[in-house]
Amino acid sequence: MHYYLKTVKKNYSSLPEPLKCTGSMDTRELRFSRAMAFAIDEINNSSDLLPGVTLGYKIHDSCSSPPMAVQSAFQFTNDPLSMYKNTKVCSQSGRVLAVIGDSGSTQSISISRIIGPFDIPQVSPFATCACLSDKTQYPTFFRTIPSDHFQALALAKLVKHFGWSWIGTVQSNSDYGNNGMASFLRAAQKEGICVEYSESITRYDPQNKIQQVAEVIRRSTARVVVAFTAPGDLWVLLEELTLHPSPPRQWIGSEAWVTHPEVLRFRLCEGAIGFAIPQSKIPGFREYLLDLSPAKVAASHVLSEFWEGAFNCLLEKPGRVCDGTEDLQKLQNSFTDTSQLRITNMVYKAVYAIAHAIHYLLCKKINSKIQCDKFLTIEPVQVLDQLKRVNFSRNGYHVSFDANGDPVAFYELINWKGNENGGLEFVTVGHYDESLSPGQKFNIEREISWADGGIQVPVSVCSDSCPPGTRKVLQKGKPVCCYDCVPCAEGETSNTTDSSDCSLCPKEFWPNAEKTICIPKLVEFLSFHEVLGIILAAFSIAGACLTIITAIVLFKHRFTPVVKANNSELSFLLLFSLTLCFLCSLTFIGRPSDWSCMLRHTAFGITFVLCISCVLGKTIVVLMAFKATIPGSNVVKWFGSKQQRMTVVSFTFVQVLICIIWLVLKPPFSIRNLTTYNEKIILECALGSALGFWAVLGYVGLLAVFCFVLAVLARKLPDNFNEAKLITFSMLIFCAVWITFIPAYTSSPGKFTVAVEVFAILASSFGLIFCIFFPKCFIILFRPEKNTKKHLMGKR
């Protein structure tokens, strides 16, 4: 398949043997040389390009070997006549004006370093190393094939396009492979692609090294392998992989091997994709290849070797002599196959590029006719200067060079698909055009067949994509493509796949259950439309109604001993205040506003003080009534009806004064509480001044304790119906409710703070009405026989 450089041992006591090529001939390289000869013949017979001027050439075989390439390059810089001493020369005396080649990047680098100082231009049809674009090192180098810099960018975009973030790479250990892979890795890093392993090989590596690389591929978790290799280097690796096949790998190929017919026989590469030089047609070239007679073949050593190898005969004895019946038309090999002219066209364009450069120097258009001065002596540096300016099209293919000596990058996307014969074939499924805008460079036009034979894109990732609502956390010691998916923290969202961070929601927003978007927080308050609000409102209205019914009952029986004996005036005032207490609890239910916040706290404070003041007045009346029964006592005149009213008004006025000061200095107001709950907003009333609130509540508590103490003192007075005992129980309940209210109020969150306060109001109000008025109503309605003065005044 390839030529190999023969290894020569040196003993330093004699001249070394000449370098020789061993191995089989590469028929593709032979076709390249025939393409060069064909192009020069076309130019020499052209009336438009260099008319009357004949171009000469000499072909050297580098055997894909840098030493052989260097040996040939030195011949270009020596006395030109020594190269052509047996050849008829004309005005240029065999001067080397330009060099076409080499096919390999390493060989081209070697040649360029030698002929560069002599300003001899070099045009390569197949050396793609991006390093050759450096004009400071290779000022005379040009090429008709795109630089690997563009191919590396295209390959990285290809891998990114299919969502492969976890790949393995293999490259030839040469200038082509190492520089090409370095360019690809830089581009892949920018695209967020991670590399699990990166191995280098050559066809000359020992078998254990090839086995080691193959084992790395077999054990890897990456399902995609990017191979930037020469065909011969990849060949030995694929042979090793074939011995012990691993799960299907998706191969991504560089242009050097992805259209090489010899590699196509490896079934494990089925579904491979990669970029290749576009197919082309060269009119008349196939006929030129097949137009080989035994005489033409015998005149060329290279053609003779090809002929003898292709037909298994010898042009000269001994052995089976070729009898002249050999027919190239019937020969099926890569030499005669012109269906995949790719690099061959690059050779063709290189020849025409040099011819146009020489044409610009020798020829001018005079009277619509092109005339060339074939006796004009030109120097290689002049050809070099004109090569920078060439701009033409041939057979529909454009030829020009940029400032780095590179053409515009254009690739075909090749896919290896199975055919009807059970083999593989190259199919063009898309294109990449570097001259287009970024969004239009890469275009897939046909369905791709993948490594597993299906049409679903294979998956090759280190970690599955993190869904929205999560963020990526890198795994320690692993590449950035290996990560864990962690749910966003409270109050944070991510709305994209593979988000590296979560964003905090605004204050009045909260994530949905999936943590993908921020939605407005739920607004919560004690509403009339919810169960808790409805229950409290119902008890509040029921309590008010019960109080009114009690007042009606007492009013209808106001002249009975039970009502008259218990200070009916204070009783009705107490029932009025209790009604207000029940109704003021409704102000705590519903959406808070500044006005409702001020109303609820002041109404609560004033009505309860009014209520406790009435109870306190009734308690004092009981005590005064007992003192009045003592002979010589005249305390009744000191606590008559007028004094009772003044007592209630005075105690209530103090609370009114406290409320006014509170409202003037720092009144309660409505707020949106964003801190109690993260996921919702609590509409509630801020106290404004905590001192004002606790002053109001403390004053109520002070009166209740004072009333309780007095009631306790009067509980054993010797009346048959002693109201002091009832007041004692009611105050006991009242104090118990409000003592437990304090810790419950301070610890209850959100709307439950309001519910606790409403519950305390209702519980204490019900306690008062049941303890003080239920026994009276019970006697009036169900025990009328006890509703007599005699019974009330009876002794125990």
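Predicted model: local features only at pLDDT ≥ 70, side-chain atom pairs only at ≥ 80, totals over all residues.

Student: Let us begin with the helices. How are two packed helices described?

Tutor: Two packed helices are described by the angle between their axes and by the distance between those axes. Here, helix α14 (residues 531-556) and helix α21 (residues 751-782) have axes that come within 10 Å and cross at roughly 25°.

Student: Which term describes the orientation of α14 and α21 to each other?

Tutor: Angles under 35 degrees count as roughly parallel. The helices α14 and α21 are therefore roughly parallel to each other. Their crossing is left-handed.

Student: Which residues of α14 and α21 make the contact?

Tutor: From α14, the contributors include Leu532, Leu536, Phe539, Ser540, Gly543 and Leu546. From α21, they include Phe752, Ala755, Val758, Leu762, Phe766 and Ile769. Sorted by class, this contact has 17 nonpolar residues, four polar ones and no charged ones.

Student: Where in the chain do Cys194 and Cys481 lie?

Tutor: Cys194 belongs to strand β7 (residues 194-201), whereas Cys481 is in the loop between β18 (470-474) and β19 (483-487). The two are 287 residues apart, and the pair links distant parts of the chain.

Student: Is Cys194 buried or exposed?

Tutor: A residue counts as buried when its relative accessible area is under 20%. Cys194 has a relative accessible area of 5%, so Cys194 is buried. For Cys481 the value is 6%, so Cys481 is buried as well.

Student: What is the handedness of the disulfide of Cys488 and Cys502?

Tutor: The sulfur atoms of Cys488 and Cys502 are 2.0 Å apart, and the two residues form a disulfide. The torsion about their S-S bond is about -75°, so this disulfide is left-handed. Cys488 is in the loop between β19 and β20 (492-493), and Cys502 is in the loop between β20 and β21 (503-504), 14 residues apart. Both Cys488 and Cys502 are buried.

Student: Which residue does Cys363 join in a disulfide?

Tutor: Cys363 is joined to Cys372, with an S to S distance of 1.8 Å. This link is right-handed, with 105° about the S-S bond. Cys363 counts as buried, at 9% relative accessibility.

Student: Let us now consider single residues. Where is His601, and which residues are in contact with it?

Tutor: His601 is located in helix α17 (residues 594-628). It is buried, with a relative accessible area of 3%. Leaving aside neighbours within four places in sequence, His601 is in contact with Trp662, Pro668, Cys685, Leu687, Phe693 and Glu757.

Student: Which residues does Thr579 touch?

Tutor: Thr579, found in helix α16 (residues 568-584), is buried with a relative accessible area of 15%. Not counting residues up to four places away in sequence, Thr579 touches Ala544, Thr547 and Ile548. Thr547 also takes part in the contact of α14 with α21.

Student: What can be said of a residue in a strand?

Tutor: Val123 lies in strand β4 (residues 122-124) and is buried, with a relative accessible area of 0%. Not counting residues up to four places away in sequence, its contacts include Val99, Phe142, Ala350 and Leu387. The C-alpha atoms of Val123 and Asp406 are separated by 10.0 Å, although these residues are 283 residues apart along the chain.

Student: Finally, is Ala744 buried or partly exposed?

Tutor: Ala744, in helix α20 (residues 723-747), is partly exposed, with a relative accessible area of 27%. Its C-alpha atom is separated by 17 Å from that of Ala690, 54 residues apart along the chain.

Methods
Residues numbered from 1 in each chain as written. Heavy atoms only, no water. Axes fitted to C-alpha atoms, helices over the stretch in contact; angles between N-to-C directions. Helix = DSSP H or I, 4+ residues; strand = E, 2+ residues; numbered from the N terminus. Parallel < 35°, antiparallel > 145°, perpendicular 65-115°, else oblique. Left-handed = near helix turned anticlockwise from the far one by under 90°. Contact = heavy atoms within 4.5 Å. Nonpolar A, V, L, I, M, F, W, Y, C, P; charged D, E, K, R; others polar. Buried < 20%, exposed > 50% of the residue type's maximum accessible area, 1.4 Å probe, protein only. Disulfide = S-S within 2.5 Å.
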